[in-house]
Amino acid sequence: MQTLQSLTSEAQTWQPIQLTRNEEEVSRVMQICNACRYCEGFCAVFPAMTRRLDFTKADVNYLANLCHNCGACLHACQYAPPHEFGVNVPQAMAKVRLDTYTEYAWPRAVGVLYKSAGATLAIAVAAGLALFLVLALAMTGTLLHEPMAGNFYAIFPHNLLAAMFGVVFVCALVSLGIGVRRFWRDVSPAEALQMGKGSAFAEAASDALSLKYLDGGHGEGCNNEDDRYSLARRRFHHLTFYGFLLCFAATCVATLYHFFLDWPAPYPYLSLPVVLGTLGGIGLLIGPAGLLYLNMRRHPQHGDAAQKPMDRGFIVLLLLVSLTGLLLLALRDTSAMALLLAVHLGSVMAFFLTMPYSKFSHGVFRCAALLKNSIEKRLPSRLRLGSD
């Protein structure tokens, strides 16, 4: 058993983790919101807030990633600017979210670079890779060619593409996995022991797949530029997310066809991989275009202006991937196929390379926060235990 002297010595040497300025602002507004609780039914942030009396760095990072930035609490708040309290939950949370993407990124230096120049970096990487592939085709004499009936592998061999993109994709997943593992370890040390509860996983998955907390707490949607509610942001997110999943499914089906059925591409327009890819590409065209439009019209107090380069860089890259993919499908039987293939592959590889540092990571961190929220609700209240 420790002596009183040793306990006193530990107490004197222990120092709480210092909050950054952005984290202090979240802690401040959460203290005010915890006293008011008018917005308690709006989203998961406010019930999670009521389970705390103070807000550590881990709490702040968790709540920031649980926030969906729907804007409902800002428009309902009696203490919002120009009130002297200046409570702006969406903006405070957005600033901390951006900090977490950088803090937990691996390698961190790339996250810092993307934070400051996301749009420029994304476009530069895509353009650089596309130019490299175009020059490679020009040097081999395959950039200008007769129509090849959509045979992409006559331009780039299948095994070469599989090796290149497989390595990049695995590296991106490892980097993203390390980042979210660091985040989970910091924000959820105790609750991690409860991860076996299937009901918590099911609830978190349902909340993520349905974008439950983009309904404003009343089912009518977000406040984008004024007090009017709109479900547009939720719908464009759905088109983007499920469009991405359909494109991924198309790739998986094509892989099965190639390796297990010995049926290499090109596939007919009405084949399963092409239909899935076309529907996914359309979703990835409409969804990001709508999100870009809303991002440009969003009320300045709804988010963090410093996050716009990351937001728009990710959106522009998604638009490049979907647009070049659809053009490649439409013109695959023409002499422009090689050029379009090089541009599309450059865009896709740039997407994979920047995936762990771009706005793509926010979906992974938010899923982790939703899982922690589902687990936390099933645990005994720390406040009740503390009062016994």
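Author: Cys 171 counts as partly exposed, with a relative accessibility of 47%. Keep in mind that this is a predicted model. The structure holds zero disulfides. For Cys 73, the nearest cysteine sulfur belongs to Cys 39 and is 5.6 Å away. Cys 73 is buried, at 11% relative accessible area. Cys 171 is in no disulfide either, and its nearest cysteine sulfur, on Cys 252, is 18 Å away.

Burial can also be followed along a helix. Helix H4 runs over residues 57-66 and is mostly covered, with nine of its 10 residues buried. The buried residues of H4 include Lys 57, Asp 59, Asn 61 and Asn 65. Val 60, Tyr 62, Leu 63, Ala 64 and Leu 66 are also among them.

Next comes the packing of helices. Two packed helices are described by the angle between their axes and by the distance between those axes. Take helix H13, residues 337-354, together with helix H12, residues 308-330: their axes come within 9 Å and cross at roughly 150 degrees. The two helices are therefore roughly antiparallel to each other. H12 passes H13 in a left-handed crossing. On the H12 side, the residues that meet H13 include Phe 314, Leu 317, Leu 318, Val 321, Thr 324, Gly 325 and Leu 328. On the H13 side, Met 337, Leu 340, Leu 341, His 344, Val 348 and Phe 351 are among the partners. By class, the residues of this contact are 14 nonpolar, five polar and no charged.

An α-helix has 3.6 residues a turn, so residues three or four places apart point the same way.

In H7, the contact includes Tyr 114, Ala 122, Val 125, Ala 126, Leu 129, Leu 133 and Leu 137. In H13, it includes Ala 338, Leu 339, Ala 342, Leu 345, Gly 346, Met 349 and Leu 353. The contact of H7 with H13 has 17 nonpolar, three polar and no charged residues.

Trp 106 and Pro 107 are joined by a cis peptide bond, with omega about -5 degrees. Pro 107 sits in the loop between helix H6 and H7. The bond from Ala 265 to Pro 266 is cis too, with omega near 5 degrees. Pro 266 is in the loop between helix H10 and helix H11. Asp 262 lies in the loop between H10 and H11. Asp 262 is not a glycine, yet its phi is positive, about 55 degrees, and it is exposed at 66% relative accessibility. Arg 37, another residue that is not a glycine, has a positive phi of about 65 degrees. Arg 37 lies between helix H2 and helix H3, in the loop, and is partly exposed at 36% relative accessibility.

Terms used. Residues are numbered from 1 along each chain as its sequence is written. This is a predicted model: local features need pLDDT of at least 70, side-chain atom pairs count only at pLDDT 80 or more; totals for chains, interfaces and linings use all residues. Side-chain values use heavy atoms; hydrogens and water are left out. Axes are lines fitted to C-alpha atoms, for helices over the stretch in contact, and angles run from 0 to 180 degrees between N-to-C directions. Helices (H or I, at least four residues) and strands (E, at least two) are DSSP runs, numbered from the N terminus. Angles under 35 degrees count as roughly parallel, over 145 as roughly antiparallel, 65 to 115 as roughly perpendicular and the rest as oblique. A crossing is left-handed if the near helix is turned anticlockwise from the far one by less than a right angle, and right-handed if clockwise. Contact means heavy atoms within 4.5 Å. Ala, Val, Leu, Ile, Met, Phe, Trp, Tyr, Cys and Pro count as nonpolar, Asp, Glu, Lys and Arg as charged, and the others, Gly among them, as polar. A disulfide is a pair of cysteine sulfur atoms within 2.5 Å. Buried means under 20% relative accessible area, exposed over 50%, partly exposed in between (1.4 Å probe, protein chains only).
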